[in-house]
Amino acid sequence: TGGNQIITLPNPTTEEGDFDVFVQLQNISGGGLLPGNTTGPPQRLNVYASSTEEGNATSYLVPTEGMTVVSDIDDILRVTKIWQPAEGLNNTFVYPFRQWMNMPDIYANWSRSFPEMHFHYLTTTPEQITRNYMQFIYNTYPGGSFDTRPLNFSDVSATLSIRKFLLDKIFLTFPHRKFILIADTSNSDVMVR
């Protein structure tokens with residue numbers, strides 16, 4: 001609420017329309033955006049790409065300090081059973097997504113208890129098939145930002161060690177935030193700080 005801004009990216013997007021760049025937003029007086037470096041709850045804003053209806057997204061302006069939950073999704077927030085390949089494929093592509101035990105209650109309690117906490121969801125699923133993931137998360141868990149596996153084979157570290165690559169990027173972007181990392185034992189090598 002409080003207004004809108006038109007921003008031109010300094011560089012072209014990828015062929016898929018992706019971009020990774022910091023842009024300067026204006027503070028709008030009278031109920032618009034708060035300064036991005038202040039503490040407080042993350043600010044949610046809608047982002048629209050011009051000349052298309054497929055480029056719409058939700059973004060979060062996360063303060064430089066505070067607490068962020070970085071959560072894996074498969075077999076943490078939803079039943080996948082990735083350790084059983086046939087069942088993992090069925091749970092991903094055939095059956096409706098199901099919550100893992102009472103995790104929605106736990107996350108809802110954290111969201112109520114710590115209203116300034118930011119939630120960031122991380123999956124190694126390729127971005128081309130994440131629409132179902134995102135819809136499930138946004139319908140079942142607190143709102144938050146989302147990282148997926150980009151299909152960018154030009155960056156070897158992003159291709160082979162995507163979880164570590166994405167986590168390092170988060171830690172470098174927010175060196176003063178505190179993180180709660182939630183994953184299963186298959187991710188124990190990278191879900192530590």
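Reader: How much of the protein counts as buried?

Author: Of its 193 residues, 32% count as buried. Buried means under 20% relative accessible area, exposed over 50%, and partly exposed in between, with a 1.4 Å probe and protein chains only. This is a predicted model, where local features need pLDDT of at least 70, side-chain atom pairs count only at pLDDT 80 or more, and totals for chains, interfaces and linings use all residues. Residues are numbered from 1 along each chain as its sequence is written, and side-chain values use heavy atoms, with hydrogens and water left out.

Reader: Which secondary structure elements, and in what order?

Author: The protein has 5 helices and 6 strands. From the N terminus the order is β-β-β-α-α-β-α-β-α-α-β. These are DSSP runs numbered from the N terminus: helices are H or I with at least four residues, strands are E with at least two.

Reader: What share of the contacts joins residues at least 24 apart?

Author: That share is 56%, among contacts between residues at least 6 apart in sequence. Contact means heavy atoms within 4.5 Å.

Reader: Salt bridges next. How many?

Author: The structure holds 5. The criterion is a side-chain nitrogen of Lys or Arg within 4 Å of a carboxyl oxygen of Asp or Glu.

Reader: What does Arg-163 pair with?

Author: Asp-72, with the closest N and O atoms 3.4 Å apart. That pair links distant parts of the chain: Arg-163 sits in helix α5 (residues 162-173) and Asp-72 in strand β3, 91 residues apart.

Reader: Is Arg-163 buried or exposed?

Author: Arg-163 counts as buried because its relative accessibility is 12%. Asp-72 is buried too, at 4%.

Reader: Which residue meets Arg-78?

Author: Asp-74, through a salt bridge of 3.0 Å, N to O. Arg-78 has a relative accessible area of 0%, so it is buried. Asp-74 is at 13% and also counts as buried.

Reader: Where do Asp-168 and Lys-164 lie?

Author: Both are in helix α5, 4 residues apart, about one turn of the helix. Asp-168 is partly exposed at 32%, and Lys-164 is partly exposed at 42%.

Reader: Why would residues three or four places apart point the same way?

Author: Because an α-helix has 3.6 residues a turn.

Reader: On to α1. Which of its residues are buried?

Author: Gly-88, Asn-91 and Thr-92. They line one face of the helix, because seen down the axis of α1 they fall within an arc of 95°. The arc is that of the directions from the helix axis to the C-beta atoms.

Reader: What do they pack against?

Author: The buried residues of α1 pack against α3 (131-140).

Reader: Which exposed residues does the face turned away carry?

Author: Ala-86, Leu-89 and Phe-93. Leu-89 and Phe-93 also belong to a nonpolar surface patch with Val-94, Tyr-95 and Ile-129. Together the five residues in that patch have about 520 Å² of accessible area. Patches are made of residues with over 30% relative accessible area and no salt bridge; like charges are joined within 9 Å, nonpolar side chains (Val, Leu, Ile, Met, Phe, Trp, Tyr) within 5 Å.

Reader: Backbone now. What is the phi of Asp-75?

Author: About 60°, a positive value although Asp-75 is not a glycine. Most residues other than glycine have a negative phi. Asp-75 lies in the loop between β3 (66-72) and α1 (85-93). It is buried, at 7% relative accessible area.

Reader: And where is Lys-81?

Author: In the loop between β3 and α1. Phi of Lys-81 is positive, near 60°. Lys-81 counts as partly exposed because its relative accessibility is 27%.

Reader: Last one. What does Gln-26 touch?

Author: Gln-5 and Leu-33, not counting residues up to four places away in sequence. Gln-26 is in the segment before β1 (43-47). At 55% relative accessibility, Gln-26 is exposed.

Definitions and conventions:
Areas by Shrake-Rupley, 256 points an atom, 1.4 Å probe, with all protein chains shown as cover.
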